[in-house]
Amino acid sequence: MEKSTTNFYLAAKKIWDVAVKTDSEYTEELELQLEIHKRLLNIFQVGNYYYYVFNVFQGKFDYVSDGIRIVLEYEPELEYTVTKMVDSIHPDDKIYFLNFEQKSIEFFKTLPFDKIQKYKAQYDYRIKARNNNYVRILQQVVPIDYDETNFYRTLGIHTDISHIKQEGIPCFSIIGIDGEPSYYNIQDSLVFTKSYDLFTKREREILKLIVEGKSSKTIAEELHISLHTVNTHRKNILIKAKCKSPIDLVTKVINEGWI
């Protein structure tokens, strides 16, 4: 556990302690699993990002990628700790952070063991960078080291979405992978109600690529479908989302927690 007496960090640590009662070693096998788990996070190219491995038992980072130098202007090894992160969260967003962390743990602890790898938790909040400016990040998290009773480590990605969501209430969602149901914009901390998915599986694939800023031609090539089919899906996606332009669509996707 990091040395800290800040009340907010200790409040967060108390929530994390619910998820794990013992520690585990960081092994080479776990390192190899990172690439597999990254696919669950659906890294959208809507802004700069960094990823990290969080040790739940110790309440510290085992690893932070170099991308943090761009997102928050910190040196990953020397300056950025979990204590630094939580203490830098915007005062108005701290209650959301604690609530969302608790919701995430509640959800994952109710899942059957074989379903854990098929979900990610995500939410946004503002965090102060080294230059004292606040950056709104989208946090996406999946457990990567766990057993039937403990969650030892999680893999997370922080993406800068300041240019997309300048203001508004933080949004929390649980996203299902490989056909599992999703839970969008969750408000109740005790009840997880399955969300109606506006989009078909193919539309969701195309939506992800749209959010990444890819052209219809590129989408058609990546999905091995015709340009006409892509354009038809794009039109249907805009209609279903009640958006007039791709820019409006990307903004709504982020604000509503659809990704």
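**Entry one: helix α6**

I am working with a predicted model, so I keep that in mind throughout. I started with helix α6, which covers residues 201–211. Which of its residues are buried? I found E203, I206, L207, L209, I210 and V211. Next I looked up what these buried residues pack against, and I noted three helices: α7 (216–223), α8 (227–241) and α9 (246–256). After α6 comes G213, and I wrote down its positive phi, near 85 degrees.

**Entry two: α6 and α8**

I then turned to this pair of helices. How do the axes of α6 and α8 cross? They come within 10 Å of each other and cross at roughly 90 degrees. Because of that angle, I can call α6 roughly perpendicular to α8. I also listed the residues that meet here: R202, E203, I206, L207 and I210 on the α6 side, with H233, R234, N236, I237 and K240 on the α8 side.

My last stop was D160, which I found in strand β5, residues 151–160. Is D160 buried or exposed? It is buried, yet I found no salt bridge for it. The nearest side chain of opposite charge belongs to R136, 8.4 Å away. A salt bridge needs the charged atoms within 4 Å. I did find a polar contact for D160: its side chain joins that of S162 at 2.7 Å. Leaving out residues up to four places away in sequence, I saw D160 touch V46, G47, N48, V71, V135 and R136.

Notes. Residues numbered from 1 in each chain as written. Predicted model: local features only at pLDDT ≥ 70, side-chain atom pairs only at ≥ 80, totals over all residues. Heavy atoms only, no water. Buried < 20%, exposed > 50% of the residue type's maximum accessible area, 1.4 Å probe, protein only. Helix = DSSP H or I, 4+ residues; strand = E, 2+ residues; numbered from the N terminus. Contact = heavy atoms within 4.5 Å. Lys, Arg positive; Asp, Glu negative; His and termini not counted. Polar contact = N/O pair within 3.5 Å; in protein donor to acceptor, adjacent residues only side chain to side chain. Axes fitted to C-alpha atoms, helices over the stretch in contact; angles between N-to-C directions. Parallel < 35°, antiparallel > 145°, perpendicular 65-115°, else oblique.
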